[in-house]
Amino acid sequence: MKKQFVVALAILVGTFSFAQKKELKTAEKAIKSGNFADAKSALLSAESLLGAADEKTKAKYYFLMGQAQYANGTGSNDDVAGAIQSFDKVAEIEGPKGKYNAQIEELKTQMLNNFLTKANASIQSKDYKKSSVYFDNAYRMSPKDTIYLYYAASTAVTAKEYDTSLGYYEELRDLGFTGISMQYKATNKESGEVETFDSKSMRDISVRAGTHNAPKESKSDSKYAEIVKNIALIHVTNGDDAKAVEAMQEARRQNPDDLGLLLSEANVQLKMGNRDRFKELMQEATEKDPKNAELQYNLGVISAEAGDNEAAKKHYERAIELDPSYTLAYNNMAVLLLSTEKDIVEEMNSLGTSSADNKRYDELKAQRTQIYESAIPYLETTLKLKPKDVQAATTLMNIYSAIGQTDKFKEMKAKVEQMQSGN
């Protein structure tokens with residue numbers, strides 16, 4: 001009786017093996033003919049028999065399943081994610097020198113290129129949600145290229161898929177991602193512009209060809225502060241202020257000298273309405289780097305957004321003092337000064353025709369003229385540093401007209417028309 005049982009079991013195992021091989025062969029033929037749905041169906045039929053299969057059969061099963069799920073790039077997002085897992089399973093079973101290794105690497109390269117092509121095409125069509133999915137797929141296909149995960153997070157933010165982007169950003173944070181890379185640059189001899197190349201070899205080829213000169217290399221800025229800031233801001237958007245502050249403060253504990261993180265926390269505190277803490281952080285930033293013109297400019301922008309015009313003026317003035325060619329500081333100072341006319345204009349428009357109202361109107365008009373005149377030097381310097389700034393030129397033209405400087409108005413009007421015509 002015992003011998004009969006052993007024979008029966010052997011027959012049963014043989015039947016399983018035969019059925020499984022039949023389904024794998026059916027799937028293989030379907031894949032070759034492009035019938036990926038039929039291939040998946042055959043493989044799913046064989047899935048229940050997989051537990052009793054040997055390693056060689058399991059590897060083949062997952063190799064075929066990966067191809068069926070990917071379907072030459074036509075598979076759904078879930079199928080594509082499954083294909084990546086299937087190929088990883090083959091590598092797990094076979095090791096780095098397995099039978100299917102070369103074929104899988106070729107398929108992975110094809111898949112990666114396909115994901116990146118679709119991701120960029122989706123950006124062009126402004127379908128940022130889809131682009132984020134493709135960049136995430138690219139990262140899962142090539143985990144060493146963490147920049148793809150960063151792109152997935154960035155495009156998810158643009159798509160307003162904040163919970164999705166939060167997951168990506170937290171993953172990047174936990175990976176210690178900085179995004180720092182070497183940048184290879186050279187000056188285009190014809191245009192005089194400094195250009196960045198994809199690689200050192202491409203840059204060197206252009207230099208040897210004589211189209212470029214003055215080659216140089218530099219490291220790109222770290223994206224870590226941006227990542228942590230975005231994690232905090234998403235928490236703010238979700239109404240979770242405590243998590244926002246916790247995320248930022250944890251980042252600063254790890255990087256106490258990172259000025260970018262300090263400013264990011266200041267921004268978060270401002271968005272949360274914590275103005276006192278915001279001012280403390282602004283003071284700390286100034287003390288850390290008192291001679292940084294760009295910092296002073298950014299402090300001016302943040303102060304203006306907070307409604308602290310006096311502080312903004314001081315920071316813009318300091319930026320100009322540190323860097324007399326800082327165009328944006330001049331421009332923003334002019335904008336800040338001109339913004340104070342709003343209340344004056346509203347009061348002027350509300351006045352009646354009595355003698356008292358007329359007197360008050362003249363006083364307000366004089367104040368408005370004074371504001372205009374205080375802004376003129378900053379706008380003129382902006383235009384001097386940036387001669388094609390049509391917005392600065394248009395604002396100057398309107399101011400000259402308002403204060404009765406007819407000759408300057410006509411001159412600026414001609415410049416504006418020339419700029420707008422493209423000559």
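Predicted model: local features only at pLDDT ≥ 70, side-chain atom pairs only at ≥ 80, totals over all residues.

Author: Residues are numbered from 1 along each chain as its sequence is written, and side-chain values use heavy atoms, with hydrogens and water left out.

Reader: What span does helix α6 reach from its first C-alpha to its last?

Author: Helices (H or I, at least four residues) and strands (E, at least two) are DSSP runs, numbered from the N terminus. The expected span of a helix is 1.5 Å times one less than its number of residues. Helix α6 (residues 128-141) has 14 residues and reaches 20 Å, close to the 20 Å expected.

Reader: Which residues of α6 are buried?

Author: Buried means under 20% relative accessible area, exposed over 50%, and partly exposed in between (1.4 Å probe, protein chains only). Among the buried residues of α6 are Tyr134, Phe135 and Met141. Their cover includes α5 (101-124) and α7 (147-158).

Reader: Which residues touch the most other members of the largest nonpolar core?

Author: A nonpolar core is a set of buried Ala, Val, Leu, Ile, Met, Phe, Trp, Tyr and Cys residues joined through side-chain atoms within 4.5 Å. Of the 35 residues in the largest one, Phe63, Met111, Phe115, Tyr169, Leu172 and Ile227 touch the most other members. The greatest contribution, seven residues, comes from α5. A second, separate core of 32 residues includes Met333 and Leu364.

Reader: Is Ala293 buried or exposed?

Author: Ala293 is buried, at a relative accessible area of 12%, and lies in helix α14 (residues 293-305).

Terms used: Contact = heavy atoms within 4.5 Å.
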